[in-house]
Amino acid sequence: MSAIGNIPTPINEPILNYAPGSAERTALEAAIVELGSVVTEIPVVINGVEHFTGQTVKLTSPQRHSHHIANLHQTTPELRQAAIDGAVAAQHAWERWSFADRAAVFLRAADLLAGPWRQRVNAATLLGQSKTAHQAEIDSACELIDFWRFNVHYAERLLHEQPISVPGVWNRLDWRPLEGFIYAITPFNFTAIGGNLPTAPAMLGNVALWKPSTTAALSNYLVYQILREAGMPAGVIQFIPGDSVKTTATLLDSKHLAGIHFTGSTPVFRSIWQGVAERLGTYRGYPRLVGETGGKDFIVAHASANVEALVTNLLRGAFEYQGQKCSACSRTYIPRSLWPTVKRRMQEEMAQMKVGDPADFSNYLGAVIDERAFRKHEALLKAVQSDPAITVHAGGTCDDSVGWFVQPTLLESSDPHHRIMREEFFGPILSAYVYEDDQWSEVLTLIDETAEYALTGAIFANERAAVIEAEEKLRHAAGNYYVNDKCTGAVVGQQPFGGGRASGTNDKAGSLLNLYRWVSARTVKETGNPATNWRYPFLG
Ligand code: NAD
């Protein structure tokens, strides 16, 4: 086709509300029953061929660990090598597709997810990752649809980014993909991130090997099926679930490794970076390393804060999805004058938060992702009981008899440097430190210097001078910073997401900044009437 098509202008996918009696609620309930009544076999998919290797990991539902939902087939050494070879071979044709044709695949995937696949993927996220209907909707439906539509739009803008030309000379930037494959390693906690990390590079003509998180593999496999139905050619994105350490070793050993697109914990990203550094001389180029990692995200209240707004946003920011968002609020700083009211209101509201199976829509929290996470929280909650620096104001208990349930917990620490103020626990556990009202400037410095992370943070204040001072003092303490709002819930196209320091490379998923990492520009200068005499006039 001879046309330069304009990409449709994206708008954020509307969030369905799942109110009783709504069509979406009926459809989601039916999808939960349908998906929950079978054991899905999840294959490795290489060059479009599904491999049921027989080496499987049993996947169970976090909210009912007796519920067997899937068998995840693992890659073998031969398949991992075949995945690399197949991707490298597929790149030649894929990068020669017109941008419009590549874009069409992802725009179609977005439409399929918005329509016929929506409730199946939401049901998989609810069953496999223990998200409530609302949390599944904003993640596996809306955010992933937005990633696909907005990234296509940003990619088009990037292609239009061109240098100036002067009379007789035409200059162009050729936005080439990276030479080799991108290794996409995705976390359990967002189905949308699973879908985004391999596809953002692929839009620009890259090929990717996608290693999903084991505990998110059911929803991630459905996302992969959507991409295939949308016309993604075989080999362009290989689906390679399996042992993360062995897979990473094989892929890092390949000279074709061109980039890593990672989201997960800080220690894992550091180990991968180290692995690349140790092999640096073996690669054709310098692999691009993009990683969004952990956080110890804060909400700080000034004495002028609106207490009801503060409490509501602490509750949502800390406990939605069981505190398992990288952006979840896990430390808060409250002035002494407000603390009695804040504490009482938190206790009153937390007593009303129901924890249980998200298929029962009255539950606000589901289960934590797996036994390993549960045991970590269990050990922490046990340790704080006898810790003289800690007071447990709400929650503090957990129950593994049916699922991996941890009660939303409010702790107060008298020590601002206690590990509960510094470490990421990734559960529904909020740590508070009460500061003296006249120590506002000092508390801002404390927040900035306490944790090694810098992902998200929020300030609640009505006094503008306090807002101004916090914005200045906390400039490097968060990559996503909120004023009078919770520190979670970034929306693609509105609040580009990512943090600095130990929280990652801050390449802002779902934005133009991220896409720049997946291209290697070639500059082309073309001269209409080339020089035919080497002598310059000044020689005369
Ligand atoms: P994780 O680090 O355990 O796992 C992430 C991915 O890395 C998974 O696919 C896993 O299989 C793989 N992996 C694990 N160990 C590995 C190893 N030794 N070598 C190579 N790969 C390995 O993280 P998770 O539990 O899935 O996710 C939670 C973490 O992710 C939290 O720290 C959270 O803050 C972070 N996170 C950050 C963002 C962000 O945008 N900054 C978003 C979501 C999650």
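This is a predicted model: local features need pLDDT of at least 70, side-chain atom pairs count only at pLDDT 80 or more; totals for chains, interfaces and linings use all residues.

1. At least two residues of the shell come from each of α8 (244-252), β10 (257-263) and α9 (266-278). Of these contributions, the one from α8 is the largest share, at 3 residues.

2. Next, the domains. Both domain 1 (27-293 + 504-524) and domain 2 (297-483) give at least three residues to the shell around the ligand.

3. Which residues come nearest? Among the 26 residues around the ligand, they are Thr-186, Ser-265, Thr-293, Cys-326 and Glu-424. By class, the shell is made up of 12 nonpolar, 11 polar and 3 charged residues.

4. A polar backbone atom of Thr-186 is 2.7 Å from an oxygen atom of the ligand, and a backbone N or O atom of Gly-264 lies 3.2 Å from a ligand oxygen atom. At Thr-293, a polar backbone atom is 2.8 Å from a nitrogen atom of the ligand.

5. How much of the ligand does the protein bury? Taken alone, the ligand exposes 840 Å², and the protein buries 86% of that. As for its location, the ligand sits in the largest pocket.

Key: Residues are numbered from 1 along each chain as its sequence is written. Side-chain values use heavy atoms; hydrogens and water are left out. A residue is near a molecule or strand if one of its heavy atoms lies within 4 Å of it. A polar contact is a pair of N or O atoms within 3.5 Å; within protein, one must be able to donate a hydrogen and the other to accept it, and residues adjacent in sequence count only if both atoms are side-chain atoms. Accessible areas come from the Shrake-Rupley method with a 1.4 Å probe; for residues, only the protein chains shown count as cover. On a 1 Å grid over the protein atoms alone, a cavity is a set of points where a 1.4 Å probe fits but cannot get out, and a pocket is an open set with protein on both sides within 12 Å along at least five of seven lines; lining residues have an atom within 4 Å of a point. A molecule sits in a cavity or pocket if more than half of its atoms lie within 2 Å of its grid points. Helices (H or I, at least four residues) and strands (E, at least two) are DSSP runs, numbered from the N terminus. Ala, Val, Leu, Ile, Met, Phe, Trp, Tyr, Cys and Pro count as nonpolar, Asp, Glu, Lys and Arg as charged, and the others, Gly among them, as polar. Domain bounds come from an automatic or database domain assignment.
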